[in-house]
Each structure stands twice: as structure tokens, then as C-alpha cells.
Amino acid sequence: MSSIMDEVDLLRRVPLFSQIDTAKLKLLALASERLRYAPGQVVMRQGDTGDAAFVIINGEAEVVIHNAHEEQVVAHLGRNDIVGEIAILCDVPRTATIRASGDLDVLKITKDRFIRLLSDFPAVSIGVMRVLADRLARTTQELYSAQAELAAKG
Amino acid sequence: MLRPPGGYAEIMNDHPLIPDAMEASLARYIWRHTKAQQVWILAIVLLSMPTYFLALDLPKRIVNGPIQGRGFETPDATQNFMTITLPYTDIVLFDGVELTRMGALALLCAMFLTLVCVNGLFKFYINTYKGRLGERMLRRLRYELVDRVLRFPIPQFRKLKASEVSTMVKDEVEPLGGFIGDAFVLPVFLGGQAITALGFILVQNLWLGGLAAGIVIVQAVFIPRLRRILIKLAKQRQLSARQLSGRVGEIVEGISSVRTNDTSNWERSELASRLGKIFLIRYEYYQKKFFIKFINNFLAQFTPFLFYSVGGYLAIRGNLDIGQLVAVIAAYKDLPSPVKELIDWDQQRVDVQVKYSQVTEQFGVDNMVDAKLQMPDKARIESLDGRIEVSNLAVMDDSGAKLIEHASYSGAINEKVAIVGGVNSGAETFVDVLARLIPASSGSIQINGRQLSSLPEAITGRRIGYAGSDGFLPQSSLEDSIIYTLRHAPLRPHVDQSPEDEHKHALERRETKLSGNTPLEYSDDWIDYESAGVSNEDELTQHILKLLKFVELDNDVHDLGLLAIVDAEEFPELADSILEARRKMRDKLEESGMSAHVESFDPETYNAEATIGENLFFGRPIGREFADAAAYNHPYASRILKDTGLDAKLYAMGIEIARTMHELFADLSPDDPLFDQFSFFRPEEMGNYQGALSRHGETGFDAAPGDIRAMFLKLPFSYSEPKHRFGLMTEDLRQAIVDARHAFRDNYPEDLKGAIAFYDPDAYNNASSVEDNVIFGRIASGIAEAPERIRALVLEILAGMGLDDTIRRAGLYFDIGAGGKRLSHAQRQKISIVRAVVKQPDLLIMNRALGGLDPRMQKTLLERIIADATGSDGKAPYGLLWVVSQPQLAELFDRVLVFKDGSLVEDGKPGELKAKGGHFARIVA
């Protein structure tokens, strides 16, 4: 059983939270649930409504998109990555499925707590924005190249 | 088994038929029911008088005789005691006993002691007798009141507030009990005393006697006149108190509208104004009451004034002998006390008469159901067949508004009829009239050739099923709420288990009879299996489960069954299977590598997922002794904590918890959900703890004052490491708690038995739900989806063992809550339907009984019930009168009645009506 200080140490290593002072990190650790997933177990499912974001503490997970009949692994997540924040921020269904690719330890932060965190700590907000902006930039890039590819095919 | 020789027939004959009208005068009511007892008690009181006066007289004789030595002038003088002479003659029957002074002292003292004992015994007997008499009358009165409530015409209930009725039955008649024993004895007795004293004065001196009598007469005339105001106030006081309880009842029932409209302060102000009025009434009452007392006392003291002044004047003038005056004054000393008591008695009489008449006014209602129609009937009631004939029916409400006019209907009882009509169309009224919930104002309703109003309720109540839309269910278990409709008469006597029971039972039966209550015994078996088409309890349960499936409640009941807390003794079969399932669960977890998902309760190890409190008591609280945060404070728990030295350890831990809480939560806003999640204390208590920490944080357990100890000691009880993660658990502490657990269990006192259901791996836990009994442990936190997986596993195991029906049977134990509020509206409506059909009625009346269900479910159930009513299952067909919420559904019936504005506008087969193109065609189009 890990005590609160172990979790605080883990959280501190997540870049997003690196600027938060210890007392607040403790609160965050207390308020969030530490969960262990077995390989192949689904952390969240595409299309479900989201009520929490997850920070990966240990292990790896894959991001899977389901189309009509097939599923496609679009990305891999690793330690210190944060995932699931989009559904929380804009009240949309989960955009992808996250599945544990090995033993996976995550910290589950509820919607309410996550939003409190954002409003209390501008640094965290900026961090989240950066993550989102990165993703947006990458997606735009991918869209651009996909369109180019399509155009090339004629 | 004990029965009067006549058996049930005689019991039925003893069933009292309470008259509709209530006796207006309390005195007459009491006299009618207790005259023999009143005479008897009077005789005993008179019998007790001689010894009473002897006991008063004896001390004087002891002092004058042996002690002061009168008659024993010489040391060896003797006297004869207990000499008996024939009255009015000198013939000595018994010479008596010759005694010396010492002997006389001993004898007289012994006699004194004997008389004291005899007097005490008399008093004891008289008081017990009077008390019992009063309680019996009170029981009779209460029974008669509720008997009338059971027979009130239904419209009366729209004007009644439940809490007002209950306060009348419970509180307002209560003072009558204390009065009934004294109702006749006291005035006779005290009056006698007063007349004797007055007579004595009159004999001594006519003048003075006349004066005394005159004052008494003034009191007797004047005081009751003053009392009239008092009576008026007493009435007001009683009414206002009754209305208060009515209002309080309303607040409780209407709490949701208070909360959702921010009207709590309106309610507060209403309450304050009401209490203010009550205060003023009561205050005025006291003022008047004590004023009357004052007048009374004044008049009582006025007589001696007259004696001293007039008597003295006469004595000085020589018209009166001084000896006579002294004797008169002495005799008068005895007069005020009975007179005063008589006046007090009269005051009490007035009070209870007011209370009584205020209550009887409310219970003397016109048009009550004839008591004969509710006579208990043990016989099997023949099926209703033939026709329902309604002619020229008119129904009006209290205000005279017409609900139905000129409605005529004729149809076979077993016809399937849909009734269509909007709100206030008369459709609902029509079926309610047939269900006898609303009286017809005019017209005739006949069932099978007999007037509906003259049919005993034994017929209509058993052969007609009714389900309305409100779905109110009295609090009971789910099963009992269904069986309720099968309890009409005691069918099989209960069996007394032991001679003591038999004895108690005989006493109960005698008392019941003496209080004029019904002899029908509650503890008998009232369930009419036959009318449900089954022959015993097991079959009935199976039948009920089938009916629950019929209305699609089987899954709900299965869920309730998993949550049900069942006593293993009541349902041993369940307990055994659940223990089996618990073992299977263990194996299954092992097999699938999921052992870590559940931390089982093991008496020898600390359960990390459970709180410290649960680990210590190692069971679930049943009573209030060890429930909640106060458990640490229970004397037995404290003793164990102290003996094992755990108290100091937990106290230290409590300090640590408070410290950590303070450190973490100090800046947290009080509405932060984290406070709730941690649940050690409420945010507003934070300050208290902070203060206590700064003052006593370093004091140590031994020096800490009691309230500080309690404050910190209670915190660890709700601590569990996985949830709170303060890192406070040590191996040493875990061991200490397990040791204390053993000490707690081993020395557990007999008188606390039943306060905790201890966890025992090999026994069913009576305080845990069925599901918790299977899991028998805490689901590990920190494993994703563990609760869902465990739940699925439990369901799989139970289904695999074929226990689903057993679980549903456990669900039948579910307590449905006050008014059935623990069930959803839809569930209540479904239960209402099961209640109506379980007795296999010949006619089922459904008054928008499916309104709370979704349209698809409504259609499914309606189709099912129609098929059932047609006799598809080999059962006897029955009739339907169904007010449908969706007019389209009416097409499934044989016949449709359409109501509009209180008139029956169309009547015919649905197809024909549609073709005809009238109201019905328009509605369903």
C-alpha cells in the first residue's frame, strides 16, 4: 500500500504538475484514485461520457479509434501522460478508447477535482493548454498531409 | 392451543358491533360499561373505612392509655381490652383480655401495625382496581374510535388530517383513563364525608351549621358558573393543539414542496403564530383557573371567619355554649378537605368531559358503513357472476358539483370493458363508485341482482380487485404488502408454544373481552390461501413470484433480494445456499487469479480495506449500540479499549489524523467535496479540532481531559488506509487491533447480544445483505473495475447454483418503507396490480393503474392481463373495468364506455364505435 507521500513524489514527476507545491499535490493525490489495470483492460471507452481524466503513473496504454468495423491504434501513451481531459473540458463523449498495453497504474482525477485544479493553478491550465495545442497542431498536420495524399490520389 | 368451547363460531358472535352514534355524556358512557365494577369498588372503599378510622384513632389511645398511664395508675393495674358488649345493652359478650400497662402497649402497637398493613393493602387493591378499570375503558374507547374510522364514509377522509385523528385517538382521550376509576367512587365518598361533617355541625348548632351549609351552597352554585368560561377555553385549547399536530403532520408530508419553494420561513412563521395563539389560550386558561381557585379558597376561609365572628359574638352574649363552638370549629376543620377535593374532582370531570365531547363530535359521522357489512366472515365467498346493472347513476361531490349524471350501464361481470375519458370526465368516478370508494348520490347499482350498497364488504372486498393510480402501500415487507389483500378473517388458530404462552394468551383474551374489543386474534393465520388458488405458504410464495414476473418485477425483486438483509432463522434455506455460494466465490476468485480483488474477513488478520472500527468490532451493528461514530463511546467498547491499551494508541492516531487534516484542509473551502469524502468531521468542526490540537496536542492520553479524549478517539474509527492514505497504520497497531477484536468478542456480554452480528467465515451474517454475505469481505480499492467484476461474479455464481428464485424470495423480505416510498412509483403501481390479482377476483377494476409506467410497458401488461382475464392459463376468466390512460389501448377490449363531462356518451364494441365516427373515433384517430 502506497502512502500519500509516494504518490506525491510520483505526481511531482509529471511535468504538468511540477510547479504545484507539496501541500496541494497531497490534496490532489488524496482526492484522486489510484487504479491498477491488467493488460488489455479498458480504461475508457470511445463514445462513453467522461467523468474523469487519467494520469499514467506506470506502464503503457494504447489509444484506439473504432470505425464502423475495425479498430485502429493511433497512439501510445506512457508514463506521465495525461489523457481523457477533452471529454471533461467540453462535455463531449470520449473520442477514443484507451487500453492498457501492459500492467498499467493510473491516477484517476474526477471532473470536479480537475476543474478545481485548473482554476486554482494557472500553471496547470497552461500545461493542459499546451498538451491540447500540441495535439491540435499534430492533428492539423496530419489532416493536411491526409488531404494532400487524397488530392495526389486524385 | 386454546379456544373457547364454541370455537370460531362463538368468537365471531363475540365480535362487537360498535353503534354509529357515540354516547354524548361521558358519565353515562362510563356507567354503562362499568356499573358493576363501580359498585364493587365503592363497596370496597366503604369496607376499608372502619380500619382507616381505627388506625387514625389508635395513636391517641396508645398515648393516652399505656404511655400517659390513664387507667394504669398503680404499677400492677390492669385493664380489659377488646371487651365486646351487645350494642345498646349492658350484656357483655366477651370479657376481653386483661393486660398490664406493658402488655397493653405491646398489643395496641401490634394492632396499629396490623391496621397500617391492612390499610395499605386496601389502598393497593383499590388503586390497582381503579387503574385497571380506567385502562380497560381507555382501550374500549380507543378501539371504538378506530372502529368508526374504519367505517367512515370515504368522502369523509378528504376532510380528515391523519395526524389530527391519531392525536385524538392517542393523546386527547388519555386523561380519561385516570378519571374513570374515580368517576363515581370519589364524589360518593367525599360527598358522604362532607355531609357527615356538615350534619355534625348542624346537630351542634343549627345557626352555625346553616352558615356553613350556606357557604357550601354558594360554592356549589357560583363555581360551576365561573367554570363555563374555563370550559370554553379548554375546548379551544384542545382544538388548537389538535390543529397543531395536523399542521406538523402536513409539514412532514409536504416537506418536498417546502424545500423546493423556499417556504420554510413561511412555515416557521405560521408555526410561531399558531404557537402564539395556543400560548394565549393556555395563559388565559391558567389565569381563570387560578382565579377560580382563589375564590374557592376564599370561600373556604370565609366560613371560619363567620364562626369566629358570629359564633364569638353569640358566645359572648351567652347565646352559645363555648364548648359547642369549639366542637363546631373542630368539626369544620374536617369539612374543607372533602369539599376542596370534590371541587378538584369536579374540575377534572369538566376537563375530561370537554375532551371526550370534543373527540366524540369528530367521530359521530353520518352515513357510516353499517357495522354489519364489515362482519368478519370466515366462510369461502362464492364467486360473483351475473350482471352489473347501473341505472340512472348520479354522483355529486361535497360541494354539490355533478361528477356523473344519468349514467346507465348493463353488462356481465366477466366482460372486458375499457373506460375512456379525460380528467373530470366521470370515467374515474364511475369505477370508484363500483369499487364503493365514492357513494352514489342517486340511482341504483346492482351486482348479481343485489344492491351494491347492501353487499357485505366480505363479498366486494374479496371478489372485486381494485388498483388505483396513487399506489400507496403501508409499510411492511414486500411480501406482506402483497399478502395483505388475502387477510380477511382468522382462518387457522395459532399454536401456543408453552404453558406460559397459553396462560398469557388466556389473559389477553379475557382482557380483550372485558374491553369490548374484537376477539379476532391477530396472531392467528389470516392468509386465505384458497382464494389465491394455492394451499400453503410455499405455494403462495411461488405464486407471488410468478405474479411478480407477470408484471415484470422479477428483476427488480432479484436486485432487492441481493440487497435484502434477511434473518437466517427466518429463511434457513437461503442462509445455507449463500454460505455455499460464499465458498464457491472464494474458489472462483482463486481460479481466475482475482484473489486480490476481495479482502475477505478473517478473524485472525486485519482487514486493510475496512475501517478501524469495523476491524475492531468485526461485525455489523444491528441495534444502535455500536452504530455510527458513537460506538467508541459505548461503555463496553470503552472498557475493552482501556483493558487492551488500545485507547492510548488510537488517541495518538486521532491526534495525527487531526493534524494531517489540519495541514491539508486548512485552506480548503468548506464546500469542497473532499470533506465529505474524508468524513472525519464536518468543515465547521475544523476550528474546534485546531483549538484542541494547540492546547492538548502534546498533553498525551493520560493527562487529556475526557471530552478531548472523546474528540480524538472517535476519529480513527472511520479510518482506513487505502481510502485516507495518511500512512498511519503500522504492523504493531494492526496486531493490537486484532488482539482487541478477540478481547471484544471473547468477553462480549450477554445483554448486548443482538447489537452486533459478528463476522464468522462459516456463518451467515444476519445484518449484512445477501450480496455482502456472498462476498464476505471488502472489495479491494485500487483495482480497476473491481466492484463491477465482483458483482458480475456474484450474479454468475448465484445463477449457476440455481438460486435466482431463492434470491427473489429474499427480495420479498425487502422493507418497502413508509407508504412504500422505498420503491419507485412504477414499482408501487406494479405491486398494486399484484395485490389486486393475487386474490383472484371475479372483477378487476383498474383506475389508471398503469399511469406511472412507460407506454410500451403499459401495453405489454394490459395485453397480458386481458389474456389472463380471458382464462388463457386454464384459470377461471374474470371481468375487467379498466380506465385506460391511452385511449388506443381501449381497442383491445370487448367493449368501450366513453365518458365526457360527467355523462356516458358512448357504449359499444370498439370496432363499431370507431366505424360510427363519434367521440371514440375522434379520440383514437
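A: Start with contact, which means heavy atoms within 4.5 Å. Helices (H or I, at least four residues) and strands (E, at least two) are DSSP runs, numbered from the N terminus. Buried means under 20% relative accessible area, exposed over 50%, and partly exposed in between (1.4 Å probe, protein chains only).

This is a predicted model, in which local features need pLDDT of at least 70 and side-chain atom pairs count only at pLDDT 80 or more, while totals for chains, interfaces and linings use all residues. Residues are numbered from 1 along each chain as its sequence is written, chains are lettered from A and ligands numbered from 1 in the order in which they are written, and side-chain values use heavy atoms, with hydrogens and water left out.

Now the covered part. Helix H17 of chain B spans residues 554–563. Its buried residues are B:Asp554, B:Val557, B:His558, B:Leu560, B:Gly561 and B:Leu562. What covers them? The cover includes helices H14 (478–483), H16 (537–550), H27 (770–775), H28 (786–800) and H29 (804–811) of chain B.

Helix H12 of chain B (residues 427–434) is mostly covered, with 7 of its 8 residues buried. Those are B:Ala427, B:Thr429, B:Phe430, B:Val431, B:Asp432, B:Val433 and B:Leu434. After H12(B) comes B:Arg436, with a positive phi near 65°. Most residues other than glycine have a negative phi. B:His406 also has a positive phi, near 45°. B:His406 lies in strand E6 (residues 402–412) of chain B. With a relative accessible area of 60%, B:His406 is exposed.

Helix H13 of chain B (residues 457–463) holds B:Ala458. B:Ala458 is buried, at 10% relative accessible area. Leaving out residues up to four places away in sequence, B:Ala458 touches B:Leu373, B:Asp377 and B:Ile381. B:Gln374 is 84 residues from B:Ala458 in sequence, yet their C-alpha atoms are 6.8 Å apart.

Next, the cores. A nonpolar core is a set of buried Ala, Val, Leu, Ile, Met, Phe, Trp, Tyr and Cys residues joined through side-chain atoms within 4.5 Å. The largest one has 82 residues. Those with the most contacts inside it are A:Phe17, B:Phe626, B:Phe665, B:Phe712, B:Phe726 and B:Phe744. Helix H21 of chain B gives the largest share of this core, 10 residues. A second, separate core has 55 residues, among them B:Leu473, B:Phe814, B:Ala869 and B:Tyr878.

Apart from neighbours within four places in sequence, B:Phe744 is in contact with B:Leu616, B:Phe617, B:Phe626, B:Tyr636, B:Ala637, B:Ile640, B:Ile756 and B:Phe758.

H21(B) covers residues 646–665 and packs with helix H26(B), residues 731–746. The angle is about 135°, and the axes are 11 Å apart. (Axes are lines fitted to C-alpha atoms, for helices over the stretch in contact, and angles run from 0 to 180 degrees between N-to-C directions.) The crossing of H21(B) and H26(B) is left-handed. From H21(B), the contact uses B:Leu646, B:Lys649 and B:Met653. From H26(B), it uses B:Asp732, B:Leu733, B:Ala736, B:Ile737 and B:Ala740. By class, this contact of H21(B) with H26(B) has 6 nonpolar, no polar and 2 charged residues.

Another helix pair in chain B is H6 (residues 185–204) with H7 (residues 206–253). Their axes come within 5 Å and cross at roughly 150°. The crossing of H6(B) and H7(B) is left-handed. H6(B) brings B:Leu198, B:Ile201, B:Leu202 and B:Gln204 to the contact. H7(B) brings B:Leu206, B:Leu208, B:Gly209, B:Gly210, B:Ala212 and B:Ala213.

Finally, two loops in chain A. A:Gly47 is in the loop between strand E2 (42–44) and strand E3 (52–58). A:Gly47 is partly exposed, at 47% relative accessibility. Residues up to four places away aside, A:Gly47 touches A:Pro93 and A:Arg94. A:Asn80 is in the loop between strand E5 (71–77) and strand E6 (82–83) of chain A. Phi of A:Asn80 is positive, near 75°. A:Asn80 counts as partly exposed, at 22% relative accessibility.

Methods: Left-handed = near helix turned anticlockwise from the far one by under 90°. Nonpolar A, V, L, I, M, F, W, Y, C, P; charged D, E, K, R; others polar.
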